[in-house]
Structures are given as structure tokens and as C-alpha cells.
Amino acid sequence: ARTGGRWVGPLATDPRTITVPGPSGTTSVGAADALTGVSVNATHRRRGLLTSMITRSLAAAKERGDAVSLLIAAEWPIYGRFGYAPATRSANYTYYSRGPSAKVRPAEPGTVRQVDAAKLGELARGIHEAAGRARVGHLNRDQAWCARTLGLDGLEPTGTVPHYYVRDGADGPDGLLAWKVARDFDLDGSLGAAEVVDLITASDGAYRDLWA
């Protein structure tokens, strides 16, 4: 958006793909428009600039034949009047460390190995694409996304660097895990906490192994 010869508001979209249901339990991949990087200068708000930009953006997505427009932004309520809404807000899991079902047993065959960011960067896209074919609603991630997230190609990672693991199945890598310590495990016996940053699997065996 421009006013008086100067830029006062940006809007960007990324081309993405999304997994959609197919016939007889299969899946297919459709083109998706991903809206991001939207802002209007504080001096030019309440003038309809956001509405104008999004209206033009959605019209362009329709002309391209994109099946859906997705919002990649932190504050989704701002965009509710344009048809955007949250899909999934969170997922919580409780692990009970006692009892007959407490031990998660690894699957066979399969092995789990720890890798560095560079190695994960080589494998992540293939694992992500394989996982995406099995899950409706899955969004693709390109190599630029991996570089930004893992701190590759001269980019600096943001925040605490997680621990990275890859699961190798019978046909090659089919799962990845990134986790970091959220609360230390103290010597006095106080329980700590681990935060799972990413858990992506293309098979049931990989899901079980990485949990184990």
C-alpha cells in the first residue's frame, strides 16, 4: 500500500502446497496461498488499507487457481473478518511414568540417531514430504524454511538450539525429532521438562521409536 508516494503497508504471500483427501482413502496435493508479512503503519490505520491489500491478494490467489488461502501470522483474530480462523491451537500429551503401559517399546526394524543441524537439513525435506502424503492438512516446507529454522546457509538460529534426532526405517529416514530442555533436571530429584519443538514421522514405527 502506498500513500502520498511512500510505502505505508506491506503484504506478502508464499506459494505452498497442502495435502487434501483423495478417493478411496488416498491423499492428493493442492496449491495453497500462504498470507504473511502483513502490516500497516500506525500513522495510516483505520483507512481501509488492510482490507484493500487482502482483497487484492485473495483475488490474485483465485486467479492462480489456489485451492485455499492460509494465514501464517501470530494474531489470527485480526483477520477473522476476512475468513481466516485457527485450525489447531495446541496439542497436549500426558506421559505416565508408572504402570504397565509406561514403557514405550521401540518398533522393529528401525534405529534412531542424533544428528547435527547440517545433517538434518539434508534429510528434513524428504522426511517432511513423505509425512505430508499421509496427513490431510499438511503444509509443505521448502529449503529456505529449513535454513532459517536450523541456522544454515549463514543464518543464525533463534533461541536455544534443540537436540536433533533422525529415525531410519527399512526404506531410509522416515522421522525426525527436535527437542530442548524447558526446565532442568536438578540433582535433588526435582523433575525437569523437555519441550518437543518438532516431531514429524512418515510411519507408525518412526512415531513409536521417536517417542521411545
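**A walk through the predicted model**

Pro 162 lies in the loop between H3 and E7, where helices (H or I, at least four residues) and strands (E, at least two) are DSSP runs numbered from the N terminus. This is a predicted model, in which local features need pLDDT of at least 70, side-chain atom pairs count only at pLDDT 80 or more, and totals for chains, interfaces and linings use all residues. Residues are numbered from 1 along each chain as its sequence is written, and side-chain values use heavy atoms, with hydrogens and water left out.

Is Pro 162 buried or exposed? Its relative accessibility is 16%, so Pro 162 counts as buried; buried means under 20% relative accessible area, exposed over 50%, and partly exposed in between (1.4 Å probe, protein chains only). Leaving aside neighbours within four places in sequence, Pro 162 is in contact with Ala 178, Trp 179, Lys 180 and Val 197, contact meaning heavy atoms within 4.5 Å.

Helix H3 covers residues 143-150, and its buried residues are Cys 146, Ala 147 and Leu 150. Viewed down the axis of H3, these buried residues fall within an arc of 100°, so they line one face of the helix; the arc is that of the directions from the helix axis to the C-beta atoms. The buried residues of H3 pack against helix H2 (117-132) and strand E7 (163-169). Just after H3, Gly 151 takes a positive phi of about 75°.

The structure also holds one aromatic pair. Tyr 207 and Trp 211 form this edge-to-face pair, with 6.4 Å centre to centre and 70° between the planes. Rings of Phe, Tyr and Trp (its six-membered ring) pair if their centres lie within 6.5 Å; planes under 30 degrees apart count as stacked, over 60 as edge-to-face and the rest as tilted. Because Tyr 207 and Trp 211 are four residues apart in helix H4 (residues 204-211), they are separated by about one helical turn. Tyr 207 is partly exposed at 32% relative accessibility, and Trp 211 is partly exposed with a relative accessible area of 38%.

A further feature is a pocket: on a 1 Å grid over the protein atoms alone, an open set of points where a 1.4 Å probe fits, with protein on both sides within 12 Å along at least five of seven lines, its lining residues having an atom within 4 Å of a point. Of the 21 residues that line the second largest pocket, the closest to its centre are Val 40, Arg 45, Leu 50, Ile 78 and Tyr 79. The largest share of this lining, three residues, comes from H1.
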